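Dear colleague,

Please find below the structure that I am handing over to you, together with its sequence. A summary of what was found follows it.

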Amino acid sequence: MGIETLQTPRLTLCPMRAEHAADLHAFFSDPQAMRFFGDLHTDLAQTERWVAGTLAEPPERCREYVLLQGDEAIGKAGLWAVPELGFFLRRDRWGQGLMREALSALIPHLFDTMPLDHIRADVDPRNAASLGLLHHLGFVETHRASRTIQIGGEWADSVYLRLSRPDQTRSVPVLDRT
């Protein structure tokens with residue numbers, strides 16, 4: 001349970017598969033897109049290894065979904081180290097609200113299908129688009145740290161955010177005993 005395919009008005013979110021590597025390589029090989037994500041993949045084999053490593057993780061530790069537009073993988077979103085949220089979108093799809101659409105469907109699904117009390121995120125403070133999106137989705141900043149990861153030989157800082165499980169309190173009907 002929990003690895004179902006999700007549908008939004010413009011996207012299909014399906015469990016990541018090995019054959020998605022070629023499409024995802026368009027993101028991993030784009031220096032501008034990778035600025036806040038990690039080291040640039042200079043060949044498809046690197047992306048294939050990244051996908052294979054992701055797929056080797058058990059679903060209780062890693063739930064990665066590929067964002068499909070038609071039959072084309074244009075990004076990914078999911079929990080890569082439960083409860084850490086990670087997401088990316090190919091640069092030619094930025095600014096269209098696609099990641100907001102994807103995460104608005106995915107996050108409730110993750111809370112519904114996994115024993116999570118929160119989801120967290122780690123974002124480079126220079127990545128205003130991702131920070132704005134996460135704030136819009138209800139994430140709140142918990143703290144910041146300096147020089148947390150080195151990407152392409154450059155140290156980056158982190159903003160840590162958290163989204164608590166939505167309140168599950170339900171009103172219990174009162175029996176009318178009159």
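**Aromatic residues**

Phe27 has a relative accessible area of 3%, and since the limit for a buried residue is under 20%, Phe27 counts as buried. Please bear in mind that this is a predicted model.

In total, 8 aromatic pairs were counted. One of them joins Phe27 and Phe37, with 5.5 Å from centre to centre and 85° between the planes, an edge-to-face arrangement. This pair links distant parts of the chain, for Phe27 belongs to helix 1 (residues 21-28) and Phe37 to the loop between helix 2 (31-34) and helix 3 (44-56), 10 residues apart. Phe37 is partly exposed, at 29% relative accessibility.

How are the rings of Phe37 and Phe88 arranged? Their centres are 5.1 Å apart and their planes stand at 80°; planes over 60 degrees apart count as edge-to-face, so this pair is edge-to-face. Here too, distant parts of the chain are linked: Phe37 lies in the loop between helix 2 and helix 3, Phe88 in strand 5 (residues 84-89), and 51 residues separate them. Phe88 is buried, with a relative accessible area of 3%. Phe27, Phe37 and Phe88 belong to one aromatic cluster, which also includes Phe28 and Trp50.

**Nonpolar cores**

The largest nonpolar core has 32 residues; those that touch the most other members are Leu67, Leu85, Met99, Leu103, Ile107, Ile119 and Phe139. Two or more residues each come from strand 3 (63-69), strand 4 (72-81), strand 5, helix 4, strand 6 (118-123), helix 5 (128-136) and strand 8 (154-164). Helix 4 gives the largest share of this core, 8 residues.

Apart from this core lies another, of 13 residues, which include Phe27, Ala33, Met34 and Leu68.

Beyond its neighbours within four places in sequence, Leu85 contacts Gly78, Leu79, Trp80, Leu103, Ile107, Ile119, Arg120, Ala121, Leu134 and Phe139.

Helix 4 (residues 98-113) has 16 residues and should span 22 Å at 1.5 Å a residue; its end C-alpha atoms are 23 Å apart, so the two values agree. Its buried residues are Leu98, Met99, Glu101, Ala102, Leu103, Leu106, Ile107, His109, Leu110, Phe111 and Thr113.

Ala33 is placed in helix 2 and is buried, with a relative accessible area of 8%. Leaving out residues up to four places away in sequence, Ala33 touches Phe27 and Trp94. Between the C-alpha atoms of Ala33 and Phe88 the separation is 8.3 Å, although these residues are 55 residues apart along the chain.

Thr47 is in helix 3. Is Thr47 buried or exposed? Its relative accessible area is 0%, so Thr47 is buried. Not counting residues up to four places away in sequence, Thr47 touches Ala21, Leu24, His25, Phe28 and His41.

**The largest pocket**

The largest pocket has a volume of about 1100 Å³. Its lining consists of 48 residues, and those nearest its centre are Phe36, Phe37, Phe87, Phe88 and Asn127. Which element gives the most to this lining? That element is strand 5, with 6 residues.

Yours sincerely

Note on methods:
Residues numbered from 1 in each chain as written. Predicted model: local features only at pLDDT ≥ 70, side-chain atom pairs only at ≥ 80, totals over all residues. Heavy atoms only, no water. Phe/Tyr/Trp six-rings, centres within 6.5 Å; stacked < 30°, edge-to-face > 60°. Helix = DSSP H or I, 4+ residues; strand = E, 2+ residues; numbered from the N terminus. Buried < 20%, exposed > 50% of the residue type's maximum accessible area, 1.4 Å probe, protein only. Expected span 1.5 Å × (residues − 1). Core = buried A, V, L, I, M, F, W, Y, C linked by side-chain atoms within 4.5 Å. Contact = heavy atoms within 4.5 Å. 1 Å grid on protein atoms, 1.4 Å probe; cavity = no way out; pocket = protein on both sides within 12 Å on 5 of 7 lines; lining within 4 Å. Points joined across faces, edges and corners; volume = space filled by probe spheres on them.
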